[in-house]
Amino acid sequence: MFADRSDAVADDTPHRGYGVAVTPGVSGPCALVTGYGPGNHLLVWRDGALRDVATPAVADEGRHAIGVVAADLDADGAEEFYVHNTDSYRGQTRDTDLLLDPVGVLPDHEDVRWRDLFGLGINADRGNFRAGRSVAALDRYGTGRYGVFVACYGVPSRFYELGDDGELSDMAEAVGLELDAGARSLYAGALVSDRMDLFVGVERGPNRLFRNASGHFEEVAGEVGLSAPGTDARGVTMADGDLALGGWETPGRLFAPNRSPDPEGPVNREPRADGSPPLPVFSDTASPAFATPSRTRTLVAADFDNDGREELFCNALGATNRLFRKESGGWTAIDPGDAAEPHGLGTGAAVADFDGDGALELLVVHGELDAQPLSLYAVDGAVENDWIRVRPTTQYGAPARGATVTVETVSWTRTKVVCAGSGYLCQMEPVAHFGLGDETPERLTVRWPDGRETTLESPAARTEHDLPHPMAPRF
């Protein structure tokens, strides 16, 4: 399916890399690729190629970056990058994390100037020296101001929020996000509430699901069928309404809400003990092909060929990458083409329309066991099919991570969540991209993390629609 476009990555020197996150840049998508020792990269599309524009503050050479996420923590309308550094497998680390705040554009240049908020005097004793993996953005109240959850390993996880004075506070215990486990992957979005919930994929133990109850959280994974102990979780993402979970040499799982092979299967019908409505129950509906164990890292769900059907890319470490497509009978394995990478040491992957042609590119990061170059893939002919892209923004004008976007045509209704990270170490561009094939969009609806909605009738195809939050200032 995929064709190799790696020649469009300029100066692609092999390096040890892990995660990647995509934010809007000055003139297009901007991807931060973490580096484990040699320094981070900041890639923008310029003069027909992805080029590294990392300043010394962004490169942060000498530290060991793994997970990364972008979100607006200070409600100024621009996203920060939170980079998780960890030089040990578990427990305590010597490296602290990096929180990059954009503070303006360099004179006579398109590139951004950054500062590290962990380096402020007020945060002198607030660095994160806990080993971990993924990071994800979480807007507890739907106010457009995000916190960052750090999935730690062998030590309690953290949830950082940023005060108006630049002070970082770990709010995990105060808001019910206490977790001490082998936390690996994260998914932030509405799963069992109408706000942003948090799913945590765990190695050597049960997964966790923290339900958002008015800005505070309760753990309900066992109640809704998502604990799945023994999965040794890695990548996680929403794929056409199913929660897809990849394991390390264990079966992949596709959790569907309120569906079961057994017609009398598990569906909550009675109110909960506190009188609240029953929660959905998830059943594993993975096909034999997807359930086949692999060495999964990141999962990426997207319509890469714009034909109106979503694909699910399974990035692997030291094994062949896999690709699935949602057919009428479920997820079916298809040929990934050049993206199979049988000798790749894949650690992370993300999608974005880097070149602005209306079709997605897939950027794959390698290097846990050895230095390898980045890879870039696309699908030939994808630009010939119609598409629609939706970019919701917050009350402050930043990407509305966690917003739910639904597009309706005569034949189908599909929903995507604007990626808040981190399937495993990574985060996709903050745009809901829908391939249309030969369908005509009749309606699109955005639901923000605070529950407010906007509907656009007869939206134009082959267009990227910017939808501001209903409470955003009008000028």
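**Close-up 1. Strand 16 and strand 17 make a hairpin with two residues between them.** Ser-214, in the turn, has a positive phi of about 60°. The two strands run antiparallel and are joined by four bridges; strands pair if DSSP finds at least two bridges between them. Strand 17 covers residues 216-219, and its His-216 is the bridge partner of Ala-213. Strands here are DSSP runs of E with at least two residues, numbered from the N terminus. Welcome to a predicted model, in which local features need pLDDT of at least 70, side-chain atom pairs count only at pLDDT 80 or more, and totals for chains, interfaces and linings use all residues. Residues are numbered from 1 along each chain as its sequence is written, and side-chain values use heavy atoms, leaving out hydrogens and water.

**Close-up 2. Strand 15 and strand 16 form another hairpin, with four residues between them.** Look in the turn for Arg-204, whose phi is positive at about 60°. Why is strand 16 described as largely enclosed by the rest of the structure? Because five of its six residues (208-213) are buried, meaning under 20% relative accessible area with a 1.4 Å probe, protein chains only.

**Close-up 3. The largest pocket has a volume of about 700 Å³.** Closest to its centre among the 46 lining residues are Tyr-187, Met-238, Lys-416, Val-417 and Val-418. A pocket is an open set of points on a 1 Å grid over the protein atoms alone, where a 1.4 Å probe fits, with protein on both sides within 12 Å along at least five of seven lines; lining residues have an atom within 4 Å of a point. Its volume is the space filled by probe spheres set on the points, which are joined across faces, edges and corners.

Key
Buried means under 20% relative accessible area, exposed over 50%, partly exposed in between (1.4 Å probe, protein chains only).
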